[in-house]
Amino acid sequence: MAIRNIVKIGDDILRKVCRTQLNFDDRLHTVLDDMAETMYRAEGVGLAAPQIGILRRYCVVDVGDGLLELINPVILETDGEQVGEEGCLSIPGEYGMVKRPEKITVRAQDRNGNTFTVTVEGFKARACCHEIDHLDGVLYIDKTEKESR
Ligand code: NI
């Protein structure tokens with residue numbers, strides 16, 4: 001495994017819409033392993049592929065209850081709302097309040113291409129929404145009010 005460089009705000013890569021991941025091979029597994037290691041090293045709770053310069057639709061999340069890998073994730077359902085503080089490894093030293101759903105159901109594929117559905121709530125739902133937004137070039141600062149930054 002290896003630590004990857006995290007792309008920082010100002011780089012156009014963070015604003016691109018990522019493409020579907022089609023291959024579930026050793027190469028993907030290596031990148032996923034590197035992403036987890038990079039996220040843990042940076043003490044983050046999530047990391048999306050574009051943040052390491054790969055314009056593909058996958059991300060990793062770990063809010064302290066184990067690693068969740070989401071490949072080609074789609075939010076099927078949302079419920080409720082929550083407002084809470086968010087930061088981003090691509091935007092060091094900044095935080096902002098963002099409104100997110102309280103609970104979401106996500107359909108995704110695992111690293112072997114198997115489709116699964118997961119329902120998450122609270123902070124984990126927030127982290128998943130944040131990472132899935134990255135796959136469409138959306139950053140949390142697009143959703144936070146300026147005066148709260
Ligand atoms: Ni982020």
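Analyst: Happy to. Let's begin with Arg15, which is partly exposed at 40% relative accessibility; here buried means under 20% relative accessible area, exposed over 50%, and partly exposed in between (1.4 Å probe, protein chains only). The model is predicted, so local features need pLDDT of at least 70 and side-chain atom pairs count only at pLDDT 80 or more, while totals for chains, interfaces and linings use all residues. Residues are numbered from 1 along each chain as its sequence is written, and side-chain values use heavy atoms, with hydrogens and water left out.

The partner of Arg15 is Asp142: their side chains form a salt bridge at 2.7 Å, N to O. Because Asp142 sits in the segment after H2 and Arg15 in the segment before helix H1 (26-41), the pair ties together parts 127 residues apart in sequence. Helices (H or I, at least four residues) and strands (E, at least two) are DSSP runs, numbered from the N terminus. Asp142 is also partly exposed, with a relative accessible area of 42%.

In total the structure holds 11 salt bridges, each a side-chain nitrogen of Lys or Arg within 4 Å of a carboxyl oxygen of Asp or Glu. One of them joins Lys124 and Asp65 at 2.9 Å, N to O. This pair links distant parts of the chain, 59 residues apart: Lys124 belongs to helix H2, and Asp65 to the loop between strand S2 (58-61) and strand S3 (68-79). Lys124 counts as buried at 18% relative accessibility.

The nickel ion is coordinated by Cys88 (SG), His130 (NE2) and His134 (NE2), at 2.1 to 2.2 Å. Cys88 is in strand S4 (residues 82-88) and His134 in helix H2 (residues 122-134), so these two tie together parts 46 residues apart in sequence. Donors are N, O and S atoms within 2.8 Å of the metal (3.2 Å for Na, K and Ca); water is not among the atoms, so sites may look incomplete. The donor spacing reads C-x41-H-x3-H. Cys88 is buried at 9% relative accessibility, and His134 is buried at 1%.
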